[in-house]
Amino acid sequence: MKNLNRLAAVASGREPADVVYHGATVLNVFTREWEHKDIYVSGAYIAAMAEPDTYKALKQVDVTGKWIVPGFIDGHVHIESSMVLPGEFTRAVVRHGTTAVIADSHEIANVLGPDAVRFMIHQSENAAADVYFMVPSCVPATNFEHTGGVISVADIAAILKMPRVIGLGEMMNYPGIIGGDTGTIDKLSTTFSLKGEDAVIDGHAPLVTGSSLQAYRAVGIRTDHECHTFSEAAEKVRNGMYILIRQGSSARDLELIVPELAKSSLPLRKFCFCTDDKNIADIMREGSIDSNIRNAIKLGMRPEDAYTIASLNTAECYHLADTGALCAGFKADFVVLGDCTSVAIESVIKSGRSPAVDKACTVDIPQTRGGTEAEDLLYRACHSIHVDEQSVTEALFKDDVSPAFDKYAIQIHQGSLNTQKYTLKPGEAAAGLKDGTLCRLAVIERHTGTGCHAMAVLRGYGLTHGAIAMSIGHDSHNIICAGITPADMTFAVRRLCAIGGGIVIADGGKVLAELALPVAGLMSNGRAEDVKAAHDALLPSARTLGIFEYIEPFVTLSFLALPVIPELRLTDTGLFDVSGWSFLK
């Protein structure tokens, strides 16, 4: 909490500041001008921005010749996709200047239901960066799959009252909004009733335009992070929406939007940056929001514009008070740069001090139910694979498991999450599995032990032998496995169950590489550095199975079970035609 008396005393010159950062060129994001100002800090806040030697301070930090900008804010991120817990995630991103994130716990909510947000709040209590939460709005994404939890309108109302929960997460069910589905719109009404008419509701509306966009915007959707062209972003901005320009591990929209944005007359204040889904290896290798800024500058955006988009714009979009600018009364969250064009980060200040990033934020996997809410939630999260290893047999992966197995294949393409429905000729399925043009794909329910499972044929993946099994299968996060023979698939899935979830690459009854993610089957309980090392070993092993060089094996596989992305998907209940909104038989 702010010490208002102390801040007023320092700003008026009656008391010395705790510390002054002296000599830097500082960005004023309100005017997008560089100024020669000293930053006077009291506690966790900035007391004053002033000319050198205007005020006294107990300590001086000489940053002569440096550049200082506000701390970066990630406007939309699924921390679970980093594959580490919030403590390790923030420990990694704060090194890259990200001092606050807007997290949507949509992924883990499909495993734990409404308790997922409580779990993530507990895990982020002592995080190195500020973590704010949006309530997952679409759990499950559809009724065509089994998940580990459901978030109802009543759950949304309860979660909105939790600490650091600021709005409603990405509303993926845009058909429900456009079509006037009462249950879907009730989620929005509940948010407005509890958070006020200016409540933040995140959008997720790829290719929604014209009258459909008017309906989507009319109900109060505030943001969208699914724009893949500048024209799509421009139409949404002209309708008052904020556009979150994404640069994640898979979806990278900067090059599609920034070059034209830098030359346009569109208001920059309606743009923010986000990472959405970015694994810890990519975060540690290329950065967090600093990567968005760095690449935006390379694509023609002025540095001062890029830094403003990364800070003030996001703070204003999400109503983060006293955040996102270097200003008296604002949080002392800022980044010291050796060079502003290359985003050369030299140090980061969070709440007036250097964040603690040297000590790992790991947790032990509990073997028994705990007494406190936090301990009990951790136990549940770490025991989320409810599939008996002995029930996983070769029979699960036989050709006759699903009726459409020899009729259709899921066709994948380079650089796209969209798939196509490929009609198989008689005998083509069997022949393709032999010559490597096709492979088997299976999805197995893993949340409640229903035994539901389905099979399909995958085309364009490249796998010619072995198998890859994962507990990351958006959005339901059932077990998904690609392989050639039932024997290899059985071995890989059994190993996946044994390690409590994650990613397993196997061939000939041997594990080639694996990454254990025992927390909800999505995150590690260990150090970010160790997860990165294990993750880096996965890709070379996957390539030995024949997967095409232009295909990212794991992200591609993880989205093949999401029945809201066209055209063909496989859930634990069958092969689903998204365009026809029905199962194939």
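Contact here means heavy atoms within 4.5 Å of each other. The model is predicted. Helix α9 covers residues 230-238. Its buried residues are Phe230, Glu232, Ala233, Ala234, Lys236 and Val237. These residues pack against helices α8 (210-218) and α10 (254-263). They also pack against three strands: β13 (223-224), β14 (242-246) and β15 (271-274).

Gly240 follows α9. The phi angle of Gly240 is positive, near 85°.

## Asn126 in its loop

Asn126 sits in the loop between α4 (115-123) and β10 (130-135). Asn126 counts as exposed because its relative accessibility is 74%, and the cut-off for exposed is over 50%.

Along the chain, Asn126 and Gly87 are 39 residues apart.

The whole structure holds 34 salt bridges. Side chains of opposite charge can pair when their charged atoms come close.

One of the salt bridges joins Arg118 to Asp115. The closest N and O atoms of Arg118 and Asp115 are 2.9 Å apart. Both residues belong to helix α4. They are three residues apart, about one turn of the helix. In an α-helix, residues three or four places apart point the same way, because there are 3.6 residues a turn. Arg118 is partly exposed, at 24% relative accessible area.

## A buried pair

Asp253 forms a salt bridge with Arg246. Their closest N and O atoms are 3.2 Å apart. Are these two partners buried or exposed? Asp253 is buried, at 2% relative accessibility. Arg246 is buried too, with a relative accessible area of 4%. Both count as buried because the cut-off is under 20%.

Arg285 forms a salt bridge with Asp536, with the closest N and O atoms 3.2 Å apart. This pair links distant parts of the chain. Arg285 is in helix α11 (residues 280-286), and Asp536 is in helix α17 (residues 528-543). The two residues are 251 residues apart. Arg285 counts as partly exposed, at 47% relative accessibility. Asp536 is partly exposed as well, with a relative accessible area of 30%.

Salt bridges can also share partners. In this model, such bridges join Glu88, Arg91, Arg527, Glu529 and Asp530 into one network.

Notes:
Residues are numbered from 1 along each chain as its sequence is written. This is a predicted model: local features need pLDDT of at least 70, side-chain atom pairs count only at pLDDT 80 or more; totals for chains, interfaces and linings use all residues. Side-chain values use heavy atoms; hydrogens and water are left out. Buried means under 20% relative accessible area, exposed over 50%, partly exposed in between (1.4 Å probe, protein chains only). Helices (H or I, at least four residues) and strands (E, at least two) are DSSP runs, numbered from the N terminus. A salt bridge is a side-chain nitrogen of Lys or Arg within 4 Å of a carboxyl oxygen of Asp or Glu.
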